[in-house]
Amino acid sequence: MARIIPPRVTSHPSWKSLKAHHKEIASTHLRELFASDPGRAARMRAEGAGIILDYSKNRLTDRTLSLLFELAESCKLSDHIREMFEGQHINKTENRAVLHVALRLPKSASLVVDGVDVVREVHEVLDRMGTFAQKVRDGSWKGATGRPIKNIVNIGIGGSDLGPVMAYEALRFFADRRLVFRFVSNIDGTDFAEATRELDPEETLFIVSSKTFTTLETMTNAHTARRWLLNTLKKDEAIRHHFVAVSTNAQAVSAFGIDTANMFGFWDWVGGRYSMDSAIGLSTMIAIGPENFRKMLDGFHAMDEHFRTAPFAKNLPVLMGLLTVWYTNFFGSQTVAVLPYDQYLKRFPAYLQQLTMESNGKHVHLDGSLVDTDTGPIYWGEPGTNGQHSFYQLIHQGTHLIPIDFIGFARSHNPIGDHHDILMANLLAQGEALAFGKTAEEVRAAGVPELQVPHRTFEGNRPSNTLLAPELTPAVLGALVALYEHSVFTSGIIWGIDSFDQWGVELGKVMAVKIIGEIAGKPAEGGPHDSGTASLLDWYRKNRRKG
């Protein structure tokens with residue numbers, strides 16, 4: 001029997017209406033939209049979980065929004081949101097629930113999935129994490145020689161690294177400065193060497209984060225850490241004082257030498273890129289303390305509830321997810337720039353790269369048929385104002401249309417002179433300049449030589465969102481991460497893809513294992529390489545020991 005393929009989003013009447021509508025307004029400038037609508041800024045603003053979203057500087061009208069909401073309804077977005085929060089198996093290719101939202105439910109809540117109350121299990125782990133974190137923070141957890149821990153090294157990769165690194169940097173103001181935090185993820189030995197340089201093994205704790213305790217990069221680095229420690233402390237017994245695990249593989253953890261009493265688990269319904277608020281965040285909890293970690297969870301949960309209950313017209317994740325679809329599929333935009341005007345968020349764009357691109361970088365629908373429209377755009381960015389002296393030239397005057405998310409705060413944790421006022425003035429100025437630009441007539445009126453006029457003209461009409469909050473706190477960080485989690489989900493539902501699997505990371509990993517064996521001198525398995533790879537492999541073998 002032939003497979004029945006459900007209707008594609010491009011066949012929905014609302015999609016066709018959006019396509020026709022885009023042709024009508026594609027050339028309309030933001031100058032016109034603001035000039036003809038004095039109430040635009042006040043109307044195109046939404047707030048949730050302590051975050052304000054101003055989306056007025058986008059190339060859309062009320063009609064655009066109405067059609068986007070119709071599209072969301074035709075794709076049954078509300079039903080999909082409900083199914084996720086209920087714990088239904090919406091990760092179709094792996095037949096799993098998708099329940100990162102359960103990681104931040106309050107202890108009084110209950111959510112039974114596949115016969116298990118997952119909230120109870122989550123809080124059992126959180127309580128154990130809290131007890132352990134407090135022991136490290138107050139010095140009662142001792143190393144093998146009786147000295148307290150001063151250095152914490154998190155070993156992981158992907159979501160087991162990007163989330164903890166980002167959260168530590170973002171919340172460094174709240175961290176215990178008596179403790180040193182380092183992060184190792186890359187298989188490149190330089191990463192481990194530099195992370196452990198100048199650390200005293202007697203005062204160092206390693207957190208090894210791998211669900212299966214088999215991840216190649218993580219376990220290679222973990223065994224290197226083991227040798228590094230025992231080179232000083234000699235006895236295997238020292239391992240249990242200096243290593244803990246975030247894993248579900250008790251047998252492998254025990255074989256490594258880690259006491260399984262110091263193993264913190266998580267669940268297959270948590271994807272790595274959605275796991276920073278699970279036991280993967282143990283380093284974060286040690287850094288900022290259990291109380292602040294729970295405040296971060298409260299921020300996550302506040303945005304979850306906003307996403308679950310707010311009408312689409314006021315729903316921050318829905319609005320941002322639909323805008324991603326609008327620019328990706330109707331304007332042909334291929335990237336989104338995330339530009340935080342806060343140095344503490346310097347790793348936030350890198351974190352979002354995995355969250356967005358591993359989630360929505362898909363070329364087939366849920367039923368396995370090829371997509372018939374573009375999906376997941378490329379996310380990138382740097383903190384302001386550094387980026388202004390780097391890539392803003394292309395954003396302002398280049399040929400690519402790049403939607404932007406500006407992120408800023410009313411108050412700085414480090415109020416030095418007028419630094420923060422200047423920082424935020426730049427954020428506001430960039431949004432205005434990108435939207436409205438500067439015409440050739442305005443350039444000439446400023447007395448610019450005619451030869452320079454084309455070069456100093458700014459087209460404008462470059463869209464942006466502005467996200468604002470009073471200050472960057474643990475709760476606000478949680479809300480901000482959840483905002484992007486749910487906006488990714490929204491876009492994925494519209495495109496009809498599975499935002500929660502990541503099969504695309506597998507092929508290269510499998511082939512790498514084969515080549516590792518060949519480098520070590522084992523016979524090639526599975527047939528010869530292509531001539532290009534074979535030549536490169538031969539060059540590497542000949543040169544790896546020279547010098």
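I started with W15, which is buried at a relative accessible area of 5% (buried means under 20%, exposed over 50%, partly exposed in between, with a 1.4 Å probe and protein chains only). Ground rules I noted: this is a predicted model, where local features need pLDDT of at least 70, side-chain atom pairs count only at pLDDT 80 or more, and totals for chains, interfaces and linings use all residues. Residues are numbered from 1 along each chain as its sequence is written, and side-chain values use heavy atoms, with hydrogens and water left out.

Next I looked up the aromatic pairs and got 25 (rings of Phe, Tyr and Trp, the last by its six-membered ring, pair if their centres lie within 6.5 Å; planes under 30 degrees apart are stacked, over 60 edge-to-face, the rest tilted). W15 and F330 have ring centres 4.7 Å apart and planes at 45 degrees, so I logged them as tilted. W15 is in helix α1 (residues 13-25) and F330 in helix α14 (residues 316-330), 315 residues apart (helices are DSSP runs of H or I, at least four residues; strands are E, at least two; numbering is from the N terminus). F330 is buried too, at 9%.

Then I checked F206 and F243: centres 4.9 Å apart, planes at 20 degrees, so this pair is stacked. It ties strand β7 (residues 204-209) to strand β8 (residues 243-246), with F206 and F243 37 residues apart in sequence. F206 comes out at 0% relative accessibility, and F243 has 0% as well. Ring pairs join both into a cluster with F192, F213, W228 and F256.

Last, I looked for charges over rings (NZ of Lys or CZ of Arg within 6 Å of the ring centre and within 35 degrees of the ring normal). I found the charged end of R226 over F256, 5.6 Å from the ring centre. R40 lies over the face of F34, at 5.4 Å.
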